[in-house]
Amino acid sequence: MSLRRRLVHLRDPFNRYWWNRLLRHMLLAVAALGIGSAIYALLPRPDLRHRISLASAYVAIIYLAISLALGPYRIWRKLPNPISFDLRRDIGIWVGSLASLHTVVGLTVHLRGRMWMYFLEQLHPVRVQKSPFGLANYLGVAAMLVFLLLLLISNDSSVRKLGTARWKSIQRWSYVGAGLTVVHGLAYQFVEKRQAEWVAVLLVIAALAAGLQVTGFLLVRRARTVSTRP
């Protein structure tokens, strides 16, 4: 295709929209690869699968925190904050994809492909006091299922079919997924006795995301209070 035809092609709003989203996904992919590679290089363990699992987990957590921060940021800047917008949706797609990658690879680390033993073997029951390993596995799978659900409804067609109110009520499960992710991550920090620096990274990211959510909530409540004053 000639340069002139390409320019005409991109003038079409439909084509420009999808081209912009493609570019955004490419940037998100490059960022995920760069951050993941840095984390992979810093991890002390030599096991390939273990390092890929951890690198994908931390990138997913970072992207999750960013997606949760977008709403409070727009409220703080007094920008329109629609029920769904492409930037948050695209980052959410990467959160779901990276969470799935982490789960699939992670389930091959400790028991070397015998994935059923993470959940069915009596050696790893779901009891905190006896097996944080079992609890961490169930919480991790629960978080992944939440993110997969959000991934499935991350499109305009789902918004139209479900209606904005119902779609938003399902989308709020992202907070549940975030909470499950943090507890899952902390449980595995204990199980694997990871270095304090990695525990600190997880806690800082979780604290920042929670702080921004609280800030956004307070800003919305203050705005509503001001608007209802006589």
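Is W76 buried or exposed? W76 is exposed, with a relative accessible area of 56%, where exposed means over 50%, buried under 20% and partly exposed in between (1.4 Å probe, protein chains only).

The structure is a predicted model, in which local features need pLDDT of at least 70 and side-chain atom pairs count only at pLDDT 80 or more, while totals for chains, interfaces and linings use all residues. Residues are numbered from 1 along each chain as its sequence is written, and side-chain values use heavy atoms, with hydrogens and water left out.

The protein chain has 9 helices and 0 strands, these being DSSP runs numbered from the N terminus (helices H or I, at least four residues; strands E, at least two). Of its 230 residues, 38% count as buried, and the chain exposes about 14100 Å², of which carbon and sulfur atoms supply 68%; accessible areas come from the Shrake-Rupley method with a 1.4 Å probe, and for residues only the protein chains shown count as cover. Among contacts (heavy atoms within 4.5 Å) between residues at least 6 apart in sequence, 61% join residues at least 24 apart.

Rings of Phe, Tyr and Trp (its six-membered ring) pair if their centres lie within 6.5 Å, and planes under 30 degrees apart count as stacked, over 60 as edge-to-face and the rest as tilted.

| Pair | Centre distance | Plane angle | Class |
|---|---|---|---|
| Y58 and W198 | 5.2 Å | 55 degrees | tilted |
| Y73 and W76 | 6.1 Å | 55 degrees | tilted |

Because Y58 lies in helix 3 (residues 48-76) and W198 in helix 9 (residues 196-228), their pair ties together parts that are 140 residues apart in sequence, and both Y58 and W198 are buried. Y73 and W76, by contrast, both lie in helix 3, 3 residues apart, about one turn of the helix; Y73 counts as partly exposed at 40% relative accessibility.

The charged end of R51 is 4.1 Å from the centre of the ring of Y40, and R74 lies over the face of F85 at 4.7 Å from the ring centre.

On the surface, W19, L22, L23 and M26 form a nonpolar patch with about 370 Å² of accessible area together. Patch residues have over 30% relative accessible area and no salt bridge, like charges being joined within 9 Å and nonpolar side chains (Val, Leu, Ile, Met, Phe, Trp, Tyr) within 5 Å; a salt bridge is a side-chain nitrogen of Lys or Arg within 4 Å of a carboxyl oxygen of Asp or Glu. L22 belongs to helix 2 (residues 13-42) and is partly exposed, at 41%.

Conventions
Lys NZ or Arg CZ within 6 Å of the ring centre and 35° of its normal.
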